[in-house]
Amino acid sequence: MLDVPAIRRDFPILDQTVYGKPLVYLDSAATTQVPECVIARVAEQYRTGNGNVHRAAHRMASLATDALEEARKRVAAFVNAPDEDCIVFTRGATEALNTVAGGLRESIGPGNAVVATQLEHHSNFVPWQQLCRERGADFLCARIDGAGDIDLNDLARVLERRPKVVAVTACSNVTGAATPIKRIARMAHDAGALLVVDGAQAMRHGVVDVQDMECDFFAFSGHKMCAGTGIGALYGAREALERLAPCEFGGEMVDKVTLAETTYSALPLRLEAGTPNYMGAVALRAAMDYLEQLGRTEIAAYEDELVRHAVDSLARLDGVRILGSPKRRCGCVSFVAEGAHPFDLCALVDKMGVALRSGHNCAQPAMEAFGVAGAARLSPAFYNTHEEIDAAVACIDRALRMLRAGRETR
């Protein structure tokens, strides 16, 4: 069982007031807060071993390189990759997914197809849509059902086109729907497709095992898992990674450059152009150590409790409609309310100290499926409490009454 009061002491940012009210931070699906141990680890690296990695022969460069490569090993172990060479550091899940789409550019053309789903974040939708437009391929979309889960029958229908790629989220940032990746992997592979998984929302909601998933690529971001912004990673199965052509060019990713041609380094460096965010990698390793110490299974179970509490409480509010009822909901709940625009609602509860998200959440196809342009979203993390859920729902109820009263007096 998690010791939540002790965990909260690791996050001093939570112990503050906003507009004179205690902060209730419930936007962790967007960005998690960063614990003191991660901040301290980065500060220590800057104080004792800062240099440019994979370059120079001096001690500082060696310490920085060691820190980067130890972080790569930690990431590989965290997701159960077969070895660290299967891990490419990126600025986040978005860059990781674009690395895959750009790297496959020459292998996709007229007569080919790529499949995404209606549940995707734009980062795993737009790159494939644009690639198909540029290359003259067909972009196909598998629908979601009324519960907000991927419609596997509709996915089977589009897979009849035998696409080159299937792009799917492991966990929706709108409904929180956890998708059956292993089953989808087998469907995709039976159709001859590579499976690209957006794992950004999944990393904090259980143990991720990329080999058990049988995916070809898996992308995620550090800022969804207590590591701060600007760092993420792409896992690729060895044969799948070898198929990617570099789409960024510069230092370190090259083997030999002449006036006539350039050859590239071995994986993973050939996909990491320029100076990497090695301090971000240091932070990512520290965050993974922290989450592992707390217990990933325990974190997921507690967060599931908080989400169920939020769903049950919000459902009791007058005129509130929760988007979707997936088989398993992880990490967030999105909702709309009669007589209140999501932005107005979230702006008003912000003045009460409650941080929610409003808008389309970079998932407009999913919003369209639910017949809305946007929604409010509540997304707790393991450092939140049931009392904070109650406080947030009370503020939402108060804000809705105020907004509706204002409409009635116009």
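**Exercise 1. State how many salt bridges the model holds, and work through the pair Arg 72 and Glu 69.**

The count comes to 25 salt bridges, a salt bridge being a side-chain nitrogen of Lys or Arg within 4 Å of a carboxyl oxygen of Asp or Glu. This is a predicted model, in which local features need pLDDT of at least 70 and side-chain atom pairs count only at pLDDT 80 or more, while totals for chains, interfaces and linings use all residues. Residues are numbered from 1 along each chain as its sequence is written, and side-chain values use heavy atoms, with hydrogens and water left out.

Step 1. The closest N and O atoms of Arg 72 and Glu 69 are 2.8 Å apart.

Step 2. Both residues belong to helix α3 (residues 59–79), three residues apart, so about one helical turn separates them. Helices (H or I, at least four residues) and strands (E, at least two) are DSSP runs, numbered from the N terminus.

Step 3. Arg 72 is buried at 1% relative accessibility, whereas Glu 69 is partly exposed at 23%. Buried means under 20% relative accessible area, exposed over 50%, and partly exposed in between (1.4 Å probe, protein chains only).

**Exercise 2. Give the strand order of the seven-stranded sheet and find its edges.**

Step 1. The order is β4-β10-β9-β8-β7-β5-β6, in an open sheet with mixed pairing. Two strands pair if DSSP finds at least two bridges between them.

Step 2. β4 (87–90) and β6 each have a single partner strand, so one side of each lacks a neighbour in the sheet.

Step 3. Inside the order, β7 (residues 165–169) and β8 (residues 194–198) pair in the parallel sense over five bridges. Val 166 stands opposite Leu 195 in β8.

**Exercise 3. Characterise the ring pair Phe 11 and Tyr 290 and name the cluster that contains both.**

Step 1. The structure holds eight aromatic pairs. Rings of Phe, Tyr and Trp (its six-membered ring) pair if their centres lie within 6.5 Å; planes under 30 degrees apart count as stacked, over 60 as edge-to-face and the rest as tilted.

Step 2. Phe 11 and Tyr 290 have ring centres 6.0 Å apart and planes at 70°, so the pair is edge-to-face.

Step 3. Phe 11 lies in the loop between α1 (4–9) and β1 (17–18), and Tyr 290 in helix α10 (residues 278–294), so the pair ties together parts that are 279 residues apart in sequence.

Step 4. Phe 11 is buried at 0%, and Tyr 290 is buried at 6%.

Step 5. Ring pairs link Phe 11, Tyr 290, Phe 382 and Tyr 383 into a cluster.
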